[in-house]
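Visitor: I have a model open here and would like to talk it through with you. Could you show it first?

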Amino acid sequence: MALASEPSVSLNVEIPEALYESLQAYLESHDSWSSHRLFCASLSLFLMQNGTQNRRINRLYLDALFDYAVA
């Protein structure tokens, strides 16, 4: 799933197994969340907390957090 108003880029990343297992457990118990939505919310929050001034990142965070504009 991609946010409707933004182009998307596919990423292939390696994460620690413990993080993956926790992610899978969370997604299995929270039907309204997808891995795409969770990564968008997490990465945009990280960028906001670390000084980005890009309002589009703020918008992506809010859209992912509240499940808006998800195609």
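Guide: What follows is a conversation about the fold, the charged pairs, the aromatic residues and the surface.

Visitor: Before anything else, what kind of model is this?

Guide: This is a predicted model, and everything said about it here is computed from that prediction.

Visitor: How many helices and strands does the protein have?

Guide: The secondary structure consists of three helices and zero strands, so that the pattern read along the sequence is α-α-α. Helix α1 covers residues 17-29, helix α2 covers residues 35-49, and helix α3 covers residues 55-65.

Visitor: And what share of the residues is buried?

Guide: Of the 71 residues in the protein, 17% are buried. The accessible surface comes to about 5,600 Å², and carbon and sulfur atoms account for 56% of that surface.

Visitor: Among contacts between residues at least 6 apart in sequence, what percentage joins residues at least 24 apart?

Guide: That figure is 52% for this protein.

Visitor: Tell me about L38, then. Where is it, and is it buried or exposed?

Guide: L38 belongs to helix α2, and it counts as buried because its relative accessible area is 18%, where the cut-off for buried is under 20%. Leaving out neighbours within four places in sequence, L38 is in contact with L23, Y26 and W33.

Visitor: Y26 and W33 are both aromatic. How many aromatic pairs are there in the whole structure?

Guide: A search of the whole structure turns up one aromatic pair. It is formed by Y26 and W33, whose ring centres are 6.5 Å apart and whose planes stand at 70°, so the arrangement is edge-to-face. Y26 is partly exposed, with 31% relative accessibility, whereas W33 is buried at 17%.

Visitor: Which residue lies over the face of W33?

Guide: That residue is R37, which sits at 3.7 Å from the centre of the W33 ring. R37 is itself buried, with a relative accessible area of 9%.

Visitor: How many salt bridges does the count come to?

Guide: The count comes to two. Side chains of opposite charge can pair when their charged atoms come close. Besides the bridge between D67 and R37, there is one between R59 and D63, with the closest N and O atoms 2.9 Å apart.

Visitor: How far apart in helix α3 are R59 and D63?

Guide: R59 and D63 are four residues apart in helix α3, and therefore about one helical turn separates them. R59 is partly exposed, with a relative accessibility of 46%, while D63 is buried at 6%.

Visitor: Changing topic to the surface: which residues form the nonpolar patch?

Guide: The patch is formed by V9, L11, V13, I15, L19, Y20, F39 and L43, which together have about 800 Å² of accessible area. Helices α1 and α2 each supply at least two residues of the patch.

Visitor: Where are Y20 and F39, and how exposed are they?

Guide: Y20 is in helix α1 and counts as partly exposed, at 43% relative accessibility. F39 is in helix α2 and is likewise partly exposed, at 36%. The C-alpha atom of F39 is separated by 10.0 Å from that of L23, which is 16 residues away along the chain.

Visitor: One more residue, S44. Is it buried or exposed, and which residues does it touch?

Guide: S44, which is placed in helix α2, is buried, with a relative accessible area of 4%. Not counting residues up to four places away in sequence, S44 touches I57, L60 and Y61.

Technical notes: Residues are numbered from 1 along each chain as its sequence is written. This is a predicted model: local features need pLDDT of at least 70, side-chain atom pairs count only at pLDDT 80 or more; totals for chains, interfaces and linings use all residues. Side-chain values use heavy atoms; hydrogens and water are left out. Buried means under 20% relative accessible area, exposed over 50%, partly exposed in between (1.4 Å probe, protein chains only). Contact means heavy atoms within 4.5 Å. Patches are made of residues with over 30% relative accessible area and no salt bridge: like charges are joined within 9 Å, nonpolar side chains (Val, Leu, Ile, Met, Phe, Trp, Tyr) within 5 Å. Accessible areas come from the Shrake-Rupley method with a 1.4 Å probe; for residues, only the protein chains shown count as cover. A salt bridge is a side-chain nitrogen of Lys or Arg within 4 Å of a carboxyl oxygen of Asp or Glu. Rings of Phe, Tyr and Trp (its six-membered ring) pair if their centres lie within 6.5 Å; planes under 30 degrees apart count as stacked, over 60 as edge-to-face and the rest as tilted. A charge sits over a ring if NZ of Lys or CZ of Arg is within 6 Å of the ring centre and within 35 degrees of the ring normal.
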